[in-house]
Amino acid sequence: MGSAPSAALTALQKHAAVGSAEITSAPGARELSIVVHFRAGGDGQRERVLRDMIFCLEDLGLDNVRVAQAASQSPLQRAQARRASEAVGWRRSFLRAFVLTLPIVLLMWVVAPMPALKPYLMLNGIDIAGIAMFLLATPVQFVSGGVFYRETFEGLKHRKLGMSAMVALGTTAAYLSSCAQLVCKLLAKEAAVMSLDFDTSSLLIAFVLLGKWLECRAKGSTGDAITALLSLQPQTALLVREDGSGRERYVDAKLLVKGDLVRVLPGSKVPADGTVESGESAVDESALTGESLPVPKAPGDRVVGGTANHGGQLQVRLEAVGESSALAQIVGLVEAAQSQRAPVQELADRVSSVFVPTVLVLSLATFVLWMCLLGTGLVHLDAVSNSEHHNDFTFCLMMAISVLVVACPCALGLAAPTAVMVGTGVGATQGVLIKGGHALEAAHQIEAVVLDKTGTITEGKPRVTDVEVLCRDDEVSLTNLRQHLASAGAPTTGPVATSLPLLLLAGSAERGSEHPLGQAVAQEAERLLADRGAPSALVEPTTFRALPGRGLEASVLEHQVLIGNMAWMEANGVRAESAERLGTLRAELEEDGKTVVFVAVDGVLALLVALADTVKLEAPQTIQALQRMGREVFMLTGDNARTAAAIARRVGIPPENVVAGVLPSGKAEKVKELQQRPQSSAARAGCFRGREVRPAEEGRRFVAMVGDGVNDAPALAQADLGIAIGAGAEIAMEAADMVLVKSRLSDVVTALHLSTAIFRRIQLNFLFSLGAEGARASVSNLHAQRWKPAQGRFILHAPGTPTPRVQAARAARETCAGPSFLVSGGHANTDRKSMPM
């Protein structure tokens with residue numbers, strides 16, 4: 001390796017921020033590692049030291065020098081590890097419970113009833129099958145089901161009893177009564193297997209764990225989302241060294257610090273937040289602001305890390321890097337919104353808060369009632385019990401326990417998980433991914449729907465909407481252009497005799513453009529030429545020069561072409577003959593939210609092209625459907641107010657429900673503000689189909705947010721229900737509760753209808769289950785002791801347990817036949833003036 005690493009190491013150890021440094025390498029290896037331990041403190045010192053060391057090693061002749069590993073994890077990485085660990089924990093608990101529960105069920109319902117196997121199950125008066133069931137059920141109850149005991153204990157500290165308390169109470173009663181029954185049978189040397197309830201407790205725990213795992217799995221891991229978000233930032237940056245040498249070197253973006261000067265080349269991304277010191281260009285900020293068109297940048301303007309540079313070069317002085325950058329703050333907003341969002345109390349918890357105390361009171365009342373009946377002599381023990389081992393106390397205790405066992409919430413425990421599984425399955429077939437029960441419960445309460453503009457209501461990219469010819473045939477010589485079109489197979493006479501040659505020039509000039517507007521002009525020209533039989537008519541420009549924020553000039557088929565704004569036209573001496581008419585037309589188009597681009601040919605203003613981010617075909621119908629359902633519709637956008645108002649007019653959103661020019665944090669704040677508004681009079685009247693306004697909901701509004709971009713992620717997390725467009729950013733899908741896989745805005749209506757139908761079935765499941773549990777508990781007081789154990793358990797549990805599956809299947813059939821509306825296909829209608837299509 002030579003002396004280069006040793007020299008670098010000696011210089012490194014002299015630095016004040018370095019605690020120690022050493023070289024490690026295997027004998028004969030072609031690589032070496034330098035392990036550096038830094039002292040605490042020193043903002044930015046670590047990055048500078050590592051960067052200087054890399055420069056030093058490269059200057060000494062070593063190549064491929066890089067920072068291999070950082071010792072500390074970022075908050076994002078810690079959150080990712082925490083959520084991944086949670087998903088793995090639920091999966092492990094379920095699989096453990098399933099593996100142990102399956103033999104219990106087989107012993108109970110397959111092996112034990114077989115007469116030929118009874119001699120092998122009872123050896124010397126010992127019930128081997130019963131003991132095996134006990135050994136298998138114990139780890140299920142206290143290891144896999146331990147989470148329910150912990151959650152119940154936490155709930156008791158806050159005086160709340162949720163679904164975990166209901167599961168813990170029922171399964172513990174079934175488990176302990178089975179243990180007592182097994183001990184009694186073993187002492188009497190009788191077969192106990194058919195009178196045990198180990199299968200009941202173990203199956204319920206396994207089913208509930210399965211539901212928890214599936215819900216956690218539906219929510220997904222943050223890994224892909226974080227990877228996609230971090231991919232917005234470039235891996236390297238071109239650092240301008242300010243040591244007097246003026247050299248520029250590529251460095252790892254993680255080694256940038258506040259105050260660095262970097263050069264951003266055309267087509268590359270800004271590495272971190274900062275201010276432009278020199279250069280002019282246009283920067284695509286759509287990922288953060290929602291602005292569909294690139295924003296011109298000049299010295300003094302701020303730029304944001306992760307945004308794409310189009311056109312010219314920029315020198316940027318960095319002001320915020322790492323976790324202080326805008327992208328990192330967006331993720332922080334998402335995390336904060338998810339942790340601070342007021343949770344919608346799940347129906348199972350509300351039912352449990354009533355069911356658990358009721359069952360406990362009923363069990364205690366059963367014990368007291370039987371003690372009074374037996375103690376006063378109104379009822380004799382021999383008349384109600386056929387067991388010679390019972391005395392008054394043990395009989396009353398067994399009756400109280402039987403109420404707890406019979407009321408074991410099998411149907412209640414299965415009601416929500418089963419409906420959620422069916423709902424997510426049906427949603428997937430309809431193109432809607434539902435992330436668990438919270439989304440189902442929140443959706444049916446929604447009264448306001450907030451829509452992002454770019455990529456949600458609109459297509460998210462500019463398209464040509466209007467073309468106006470501004471010159472006469474005798475002002476521009478188009479002979480050679482018509483000959484070129486004729487040789488390509490396009491018509492040269494009729495209504496397109498003037499417009500088509502001009503579009504040929506504009507499309508050819510913009511053919512290699514990186515600007516979204518230029519690409520849209522080229523694509524429209526290519527489409528129109530292809531429709532008229534000349535798909536390959538566009539040519540490469542002979543010369544090409546682009547000035548960011550102004551326009552371009554090019555030479556195409558011996559014609560000088562200028563394309564840009566009016567300032568660019570005037571700077572090149574191009575004047576319009578009818579300035580008043582042109583100004584009126586331009587104002588009308590811009591008032592409609594469109595961007596106007598002019599095309600000059602050989603010094604003559606020849607063509608006006610209007611472009612806009614076009615509305616999705618299904619957007620107006622979707623918004624009308626939401627309004628008919630009683631939901632108020634709002635639009636939030638980072639775009640300018642003029643464009644936002646124009647889009648709102650087209651889709652039918654009231655002007656007072658439009659908020660423009662908001663940043664990511666502003667969107668989340670606006671959603672929070674809508675949530676704090678009092679409910680509308682329609683909501684108080686209970687006009688929402690399938691729901692009534694509960695007193696607990698008075699004074700707040702339930703809001704859904706629909707978006708697709710990185711800038712929408714905080715608002716999606718803040719909303720009661722976040723719905724992400726499937727073609728959008730991964731971080732938006734991570735923050736959302738639902739994902740529209742087919743990226744159709746009309747699926748918002750489908751998602752709300754599906755959630756309402758599934759949630760109704762969950763309510764019916766709970767209602768029937770509560771009735772079944774109450775009936776079983778009552779019947780158990782009168783007859784359970786007269787039945788044989790297996791018969792009693794089957795008769796009392798059979799009616800309720802299949803109900804959730806039946807109701808969920810019915811909901812699946814109903815939701816598949818949900819509301820729909822027709823959206824005509826084809827291209828969006830465009831207003832073409834003087835340009836027959």
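The model is predicted. Its protein chain has 837 residues, of which 50% count as buried, and its secondary structure comes to 31 helices and 26 strands. The protein chain exposes about 38,000 Å², with carbon and sulfur atoms supplying 57% of that area.

**Nonpolar surface patch**

- A nonpolar patch on the surface is formed by F98, V99, L102, L106, W109, V110 and M114.
- Together these residues have about 640 Å² of accessible area.
- M114, one of the patch residues, is found in the loop between helix 3 (75-111) and helix 4 (118-121).
- M114 counts as partly exposed because its relative accessibility is 38%, a value between the 20% and 50% cut-offs.

- P294 sits in the loop that runs between helix 10 (286-289) and strand 10 (295-297).
- With a relative accessibility of 10%, P294 counts as buried, the cut-off being under 20%.
- P294 and D284 are separated by 10 residues in sequence, and their C-alpha atoms are 4.2 Å apart in space.
- Neighbours within four places in sequence left aside, P294 is in contact with A282, V283, D284, H310, H515 and P516.

**T454 in helix 17**

- Helix 17 covers residues 453-457 and contains T454.
- T454 has 9% relative accessibility and therefore counts as buried.
- The side chains of T454 and K453 are joined by a polar contact of 3.2 Å.

**Positive phi at non-glycine residues**

- Most residues other than glycine have a negative phi.
- K189 is not a glycine, yet its phi is positive, at about 55°.
- The position of K189 is in the loop between helix 7 (163-187) and helix 8 (198-219).
- K189 counts as exposed because its relative accessibility is 59%, and the cut-off for exposed is over 50%.
- L557 also has a positive phi, of about 50°, although it is not a glycine.
- L557 is placed in the loop between strand 18 (551-556) and strand 19 (559-564).
- At 25% relative accessibility, L557 counts as partly exposed.

Note on methods
Residues are numbered from 1 along each chain as its sequence is written. This is a predicted model: local features need pLDDT of at least 70, side-chain atom pairs count only at pLDDT 80 or more; totals for chains, interfaces and linings use all residues. Side-chain values use heavy atoms; hydrogens and water are left out. Helices (H or I, at least four residues) and strands (E, at least two) are DSSP runs, numbered from the N terminus. Buried means under 20% relative accessible area, exposed over 50%, partly exposed in between (1.4 Å probe, protein chains only). Accessible areas come from the Shrake-Rupley method with a 1.4 Å probe; for residues, only the protein chains shown count as cover. Patches are made of residues with over 30% relative accessible area and no salt bridge: like charges are joined within 9 Å, nonpolar side chains (Val, Leu, Ile, Met, Phe, Trp, Tyr) within 5 Å. A salt bridge is a side-chain nitrogen of Lys or Arg within 4 Å of a carboxyl oxygen of Asp or Glu. A polar contact is a pair of N or O atoms within 3.5 Å; within protein, one must be able to donate a hydrogen and the other to accept it, and residues adjacent in sequence count only if both atoms are side-chain atoms. Contact means heavy atoms within 4.5 Å.
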